[in-house]
Amino acid sequence: MDPVTLTKLAANVGAGLCIGFGAIGAAIGEGYTAAQANIAVSRNPRISGDLFKNMLVGQAVAESASIFALVIAILLLFVDTPGMGQIKAAALFGAGVSMGFGAIGSGLGSGFPGGQACLGIARQPAVGSRLTTNMLIGSAVSQTPAIFSMVVALMLMFMDFSIQPLQPTWAALIGAGLSTGLAAIGSGYGGGLAAGASCESIARQPKSAGQVTTTMLVGQAVAQTPSIFGLLVSFILMFKSFPAATNWSAPMALLSAGICMGFGGIGPGIGNGMTAEGAVRWVARNIEHAGDLMRIMLVGQAVAQSTAIYAMVVSLVLIFVI
Amino acid sequence: MENLGQVHQLVVSLFGFNLVFNLEAILMTWIVFGFLLFFGILTTRKRDFVPQKFQIVGEMIVGQFYQLTEDALDREGAEKYGPMICSLFLFMLLSNWLGIIPHLEEPTKDLNTPLALGLMGFVVAHYAGIKSKGFKAYSREYFQPMFFMMPLNVIGEMAKIVSISFRLFGNIMGGSIIILVVSHLTYSLLLPPLLNAFFGLFVGTIQAFVFTMLTVVYISVQIK
Amino acid sequence: MAIEGVDLVKAAAFLGAGISMGLGAIGPGVGEGMVAAKACEAIGKNSKEAGLLTRTMLVGQAVSESTGIYSLVVALLLLFVV
């Protein structure tokens, strides 16, 4: 199959996967927001105008991950990017996979703060603006893993890889896409859990707003660490030049490194998000011990991340030692 | 667009080793230093008990961060580490905001800057830990909760540096790449400045705050 | 023929190592996160027992880690021994 056909084929499949997977998360997240908004309106119909506005704003932020996926899909279909040869096919497919998977978690996660903010405003209309601000901050931070996936996708599309040998670099590029894309699922979802808990807690105890926001930001930042490891492995796979190989073991090792770090980031991301959710919820109820709670949250998150560290070690061994 | 990965470098041969200087990052860091010095001089020019304009801004920022440090580290900790934490935050904030000015780019876009800041925080935290607990108690911590967990604990500590630096680097460099690609593809006048405002100002502020908070928390975990 | 077989076997071993560690990291991550979340809640309710609760959490997390360590061992075996 000649390179041009192969490239077009890979670009089309990549675009399809990209928007196909990318549409899942945001839709479910926005649905959750709307469901909670309905419950909120039924509890407090008088402020339904504010609730409606808040729901739309929250849904718009949750949509952003899918919009990134749509942009990448359209770029894959219609824009002629530099580079040529069969290796470009691998790069474009990797880009589609990266953004496609990466948008799932962030979309799902950003639904939580929107929904909880609507419920919170129904419960406590006086803190409405504070809740909306917190919802926006929390959702924006939980979009970060999707942003990482988009960065990797853009780099895979616009960097010229044709000077690298085809075998094994094709596997490195697909692995780079998988690594960030899959690892972003867990971190996006986990970050969203923490943001949702913070909105709920501020509504229950408005005086604790500052501490709760701080704890939420720190918890989300640590929950994003698995996706950062995925980004690191992706960068290494994209920028390291591999010697040409004729056997199958070298490309499979690189593809496997990407799969390993990608899947390895899902679980710890979700787990860290659950920890942050618990800590944020209880910081609001027991604000004098906020320092202790943050410390136990960080210790617990650090231990829960250990499997992500194992996965990163195995990935790095696969890249550098094999 | 083609020079996405290119960086102007100055290679100096010294004693047989090649020292590589990334020119853009160094120059931009000096510009940030200049801004910080200028801001500092403006704030402390006439120190009155009833504060004037710039002094109010300065007192607000410094007060907030001393409060944050005091919450995590108690009074003596705040005295010792407050200045470092405050300067860390201001440096990172201005570095992340530098991209707004045309023709200037953020020094945190080069991996070396966040990595250096992360290493500095790591060294300060562990030095504080050793000084306050003594070397024996400090090294015993690595063997908790099971004896064979030692290599995993050490790797975990290294992973903290990687995560904190790469988070800042990924967010800032990612933002600048997205702005670059969008400006290349669209001819809109409105979209790139909006994106610049979001990624540069908003994300930059949050990431600087998160980095600082995590450094404070790492120090407090070691001291405890 | 024999040489090609060895190469395919190695390639499959590498792929298997990645899948093993990758999928194996999902479960312990979620489980240990749940443990830490409940520990935060418990300390929020009863902050005087922070030391005991921390120790319980760490032991519980270490035990939940075991399947993750099994996957790590199998991955390393696939990489270096097979």
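This is a predicted model: local features need pLDDT of at least 70, side-chain atom pairs count only at pLDDT 80 or more; totals for chains, interfaces and linings use all residues.
Student: How many residues of helix 12 of chain A are buried?
Tutor: Helix 12 of chain A has 15 residues and reaches 21 Å from its first C-alpha to its last, close to the 21 Å expected at 1.5 Å a residue. Its buried residues include A:Ser306, A:Tyr310, A:Leu318 and A:Ile319. The helix is largely enclosed by the rest of the structure, because the buried residues number twelve of the 15.

Student: What radius of gyration does chain C have, against that of a compact globule of 82 residues?
Tutor: Chain C has four helices and zero strands, and its C-alpha atoms fill a box of roughly 70 × 15 × 10 Å along the principal axes. Of its 82 residues, 46% count as buried. A compact globule of 82 residues would have a radius of gyration near 12 Å, but the value for chain C is 19 Å.

Student: Among contacts in chain C between residues at least 6 apart in sequence, what percentage join residues at least 24 apart?
Tutor: The elements of chain C run α-α-α-α from the N terminus on. Of the contacts between residues at least 6 apart in sequence, the part that joins residues at least 24 apart is 81%.

Student: How far apart are the end C-alpha atoms of helix 3 of chain A?
Tutor: Helix 3 of chain A covers residues 86-123, and 36 of its 38 residues are buried. At 1.5 Å a residue, the helix should span 56 Å. This agrees with the distance between its end C-alpha atoms, which is 58 Å.

Student: Is helix 3 of chain A roughly parallel or antiparallel to helix 5 of chain A?
Tutor: The axes of these two helices come within 8 Å and cross at roughly 170°. Angles over 145 degrees count as roughly antiparallel. Helix 3 of chain A is therefore, relative to helix 5 of chain A, roughly antiparallel.

Student: How many charged residues are in the contact of helix 3 of chain A with helix 5 of chain A?
Tutor: Among the residues that meet are A:Ala91, A:Gly94 and A:Ser98 in helix 3, and A:Pro145, A:Phe148 and A:Val152 in helix 5 of chain A. The contact divides into 13 nonpolar and six polar residues, while the number of charged residues is: no charged.

Student: Is helix 5 of chain A roughly parallel or antiparallel to helix 8 of chain A?
Tutor: Helix 5 (residues 144-158) and helix 8 (residues 225-239) of chain A have axes that come within 10 Å and cross at roughly 5°. Angles under 35 degrees count as roughly parallel. Helix 5 of chain A is therefore, relative to helix 8 of chain A, roughly parallel.

Student: Which residues in helix 8 of chain A are met by residues in helix 5 of chain A?
Tutor: By class, this contact has seven nonpolar, two polar and no charged residues. From helix 5 of chain A come A:Pro145, A:Phe148, A:Val152, A:Met155 and A:Leu156. In helix 8 of chain A they meet A:Ser227, A:Leu231, A:Ser234 and A:Met238.

Student: At what angle do helix 2 and helix 4 of chain A pack?
Tutor: Helix 2 (residues 48-78) and helix 4 (residues 128-142) of chain A have axes 10 Å apart. The two helices are roughly parallel to each other, and their contact has six nonpolar, five polar and one charged residues. The packing angle is about 10°.

Student: Which residues does a cis peptide bond join?
Tutor: Most peptide bonds are trans. Here omega is about 15° for a cis bond in chain A, and A:Pro168 has its place in helix 6 (residues 166-204) of chain A. The residues joined are A:Gln167 and A:Pro168.

Student: Does B:Glu70 count as buried, partly exposed or exposed?
Tutor: B:Glu70 is in helix 2 (residues 53-97) of chain B. Leaving aside neighbours within four places in sequence, B:Glu70 is in contact with B:Arg75 and B:Ala78. Because B:Glu70 has 16 C-beta neighbours inside 10 Å, the residue counts as partly exposed.

Key:
Residues are numbered from 1 along each chain as its sequence is written. Chains are lettered from A and ligands numbered from 1 in the order in which they are written. Axes are lines fitted to C-alpha atoms, for helices over the stretch in contact, and angles run from 0 to 180 degrees between N-to-C directions. Angles under 35 degrees count as roughly parallel, over 145 as roughly antiparallel, 65 to 115 as roughly perpendicular and the rest as oblique. Two residues are in contact if their C-beta atoms, placed from the backbone, lie within 7 Å. Ala, Val, Leu, Ile, Met, Phe, Trp, Tyr, Cys and Pro count as nonpolar, Asp, Glu, Lys and Arg as charged, and the others, Gly among them, as polar. A residue is buried if 20 or more other C-beta atoms lie within 10 Å of its own, exposed if 12 or fewer, and partly exposed in between; C-beta atoms are placed from the backbone. The expected span of a helix is 1.5 Å times one less than its number of residues. The radius of gyration is taken over C-alpha atoms; the globule rule is 2.2 Å times the number of residues to the power 0.38.
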